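Please read the report below alongside the sequence and the 3D view.

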Amino acid sequence: MQMRRKQKKLLVRILVSGALLAGAYLTEKLTDLNAYVYLPMYLLPYFIAGYDVLLKSARNIGHGKLFDECFLMTVATVGALIIGEYPESVFVMVFYQTGELFQSLAVDKSRRSIADLMDMAPDRAVRVTQDGEEEILPEEVCPGDTLLLRPGDRIPVDGVVLSGTGAIDTSALTGESVPADVGPGDRITSGCINLTGVLRMEASAPYGESAVAKILELVENSSLHKSRSEHFITKFARWYTPAVVLGAALLAVIPSVITREPAVWCYRALIFLVVSCPCALVISIPLSFFGGIGGASAKGILIKGANYLEALADVKTAVFDKTGTLTDGRFTVTQICPAEGITEEALLHLAASAEYYSAHPLAVSIKEAAKEPPAVPDRVTEHAGFGLEAWLDGHTVLAGNVGLLTRESISVPETETAGTAVYIAEDGRYRGHITLGDLPKQNAAKTVRALKKAGVKRCVMLTGDREAAAKETAAALGLDEVRAQLLPADKVRIVEDLCAAQGKGEKLFFVGDGLNDAPVLSRADVGFAMGALGSDAAIEAADVVLMDDDPFKIVTALQIAKKTRRIVRENVVFALGIKLCVLLLAALGLTSMWIGVFADVGVAVLAILNALRCLKPPKT
Amino acid sequence: MRKVFRLEDLDCANCAAKMETAIASLPGVNKATVSFMAQKLVLDADDASFDVILAQAEKLIKKVDADCRLVK
C-alpha cells in the first residue's frame, strides 16, 4: 500500500510505542517493582504515540476550543493516568493513533481508486506540422491543429478524423466495451483510446473545452454538492460532542459526591470522553457518496453531486422524453401495405426508386429498407410539402402524403396508422402505402419494467409527436401515461404539475437528450441527459449525465443510489448504536476503556470499510 | 467571486465541517464549502474584500487544524 511520509512516520510511532507498551505491561505483571519504576516505562510509549495529540490540544485550549477530539483524547488519557490506569491510558492513545492512520489510509485509497476509475486524462498529443511531427502537451493543442494518433494513443482533444480508419475504445467514458469504428469525417471524443489504425485528426476544441476535461472537472467537483444526510450529520455532530462531554462531567461529579467513590465514577466518565468523537459518522457519509459517484462514473454515468445521488433513491415518478430517449430517433419502415396487384417488395422497390435522389429522412429510411437496388428515375419533380413525382421507364410515380394523391384526384382508401405514412401511386392508380415509425430502443421496455420493480410508481412519456404514434410507443413500452403534441413550454408545466402531485419526500426524474429540454432538466428533482458524449449543452444542463444512449443506465444509476443510501443508513445506525450502547454500559460500570476506544476508533474503521463498498456498482 | 482552493493535509472529516461553518459565518462570505473528499475549499465572497476574507479563512483553517495548508 502506498503511504505518504506523514503516514509512514505515524506507523513507526505506533509500532514502537506498541512494543514499549507490551514491554512495560509484562514488566509490571511479572516483577514486583513499584510504580516509580514502571510509570516512566508507560509514559515513554504514551508520549511517543501521542505527543502530537497533546501538542494540538494544548494549542486548542489556547483557542478556547474545548470540544476538539484531540483535547478530549488528552483529558481521557491523562485522567486515566491520574487514577492509576496506566496500561489502559497508553493503549487508548496507541489505538486511537492506529485508527487515525487507518482512516487516512482508507480515505486515500478511495480517492486513488476513483482517480483510477477516472483514468482517462490524456498526457500528450502529437502535432503534425510542415516540419514534421512534434510531441506536445494536450493543453498546448490549438483548434485547427492536425494531430497524429497511433494505435494505443489516447485522443487528446475533441476533433474530427481527417484520414485513416480504425476502431476506438470509448470504455473510459461510456463504460461500453465494444469499440466504435471511425473513418474520415467522424467526430471523435477526447479520452477515448485509438486501438488499431493510424489516424490523423483535426482538433476542434482546446483541451479545456474538450469532453475529457469537462468530465474530470464534473466528477472532481461532485463532492462539493453535499447530501442532506451529510448536512444532518455535521449538525448532529455539533451537538453530540458537547452533550457527551456534559454527560461525562455530570457522571464524574454527582455520583461521586453521593457514593464517595470518585475513582470509580471518574473512570466511567473518562470512557464517555473516549466515545465522544463523532468522526465515524462524519467521515463515512461523504465517503459513501463519493464511492457511489465514483462507481457510477466507471459505468459511464456522471452524477454531479451527492445530493442528486441521494434524491435518486427516492424517485417515484419517472418522466421520459420520447424521441431519442426511449426511441432511436430515426424512422424505420414498420409496415408495407400494398394495394391489389402488387407485392410488398415491388411496392418498396417502386417507392425507393422514386425517392432515388431524395435526402428526406423518410426517403433515406425507405431506401435503407429496400433489398434490391433502386432504379434510377429519368426525371424527378419535387412538390414541396407534399412529396415528389418521378418518371421511371415511362411510368409516372407519385410518392408523398395523402394530399399529393388527392390533388391528382387519385382515390386513397382510408387507413388508420400510428406512424407517418408515404403513399404511392403509379400512372394515376393508388399502389399502396408504407408506414414508418420511430421504433423504441432495444432496452427501453426492459428499463421501464426494471424501474417499476425498483419502486417507481408512475412512468410518464412526454412528446411533441402525434397522439397515435405516441400512444403506440407508450403501450409497447408499458408506460403508465403519455402526453402528446406538446410544445417545449408544455413539458415544463407538466413536469411542475407532476412534481406538485407527489407525496412528501418523493422525487421525480426527467430523462431527455439534453439538447432542447434544458428548462425541463433543471425543473425536475433529478435531470438526466442522455447520449451526452460530445454534447456540451447536455453536460451543462443535467444533474446526471449518461455518456451513451442506453436507457438502461438509468436503472443502474437508481440501483447505485439505493445501494449507497443503504450503506449510509447502515453506518449511521451502526455507529450511533454502538456508541449509545457503550455510553449506557459505561454509565452502569459494565465496560472498560478498552471497549470505549473500540467504539470510537474501531467503529470508524468499520464504517469506512463499509463505505468503500459503494465503489463497487451493484450487479444487474 | 467564486474561487476553488486546494487544502493540503486535511485529515479529519469533522474538522472540514468545522472549517466550513466558521468560514461561512465570516462577514462578506456568500457561500463556503469545504469538501473533505475532494480536499477543496470553494469560497464565494464579495469581490471587493475577497483577499481580506481569504486571509481570514486561512487563519480559521489553521485554527481548526494546524497541519492543514491552503494552496493558492
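## Domains

Chain A is assigned domain 1 (125-156 + 158-204) and domain 2 (329-439); such bounds come from an automatic or database domain assignment. Taken over C-alpha atoms, the centres of the two domains are 42 Å apart.

This is a predicted model, in which local features need pLDDT of at least 70, side-chain atom pairs count only at pLDDT 80 or more, and totals for chains, interfaces and linings use all residues. Residues are numbered from 1 along each chain as its sequence is written, while chains are lettered from A and ligands numbered from 1 in the order in which they are written.

## Overall dimensions

The C-alpha trace of chain A spans about 120 × 65 × 40 Å along its principal axes. Its radius of gyration, taken over C-alpha atoms, is 34 Å, whereas a compact globule of 620 residues would have a value near 25 Å (the rule is 2.2 Å times the number of residues to the power 0.38).

## Secondary structure

Chain A holds 21 helices and 22 strands. These are DSSP runs, numbered from the N terminus: H or I of at least four residues for helices, E of at least two for strands.

## A:Val520

Helix H18 (residues 518-523) of chain A includes A:Val520. Is this residue buried or exposed? A:Val520 is buried because 25 other C-beta atoms lie within 10 Å; the cut-offs are 20 or more for buried and 12 or fewer for exposed, with partly exposed in between, and C-beta atoms are placed from the backbone.

A:Arg493 is 27 residues from A:Val520 along the chain, and their C-alpha atoms are separated by 8.7 Å.
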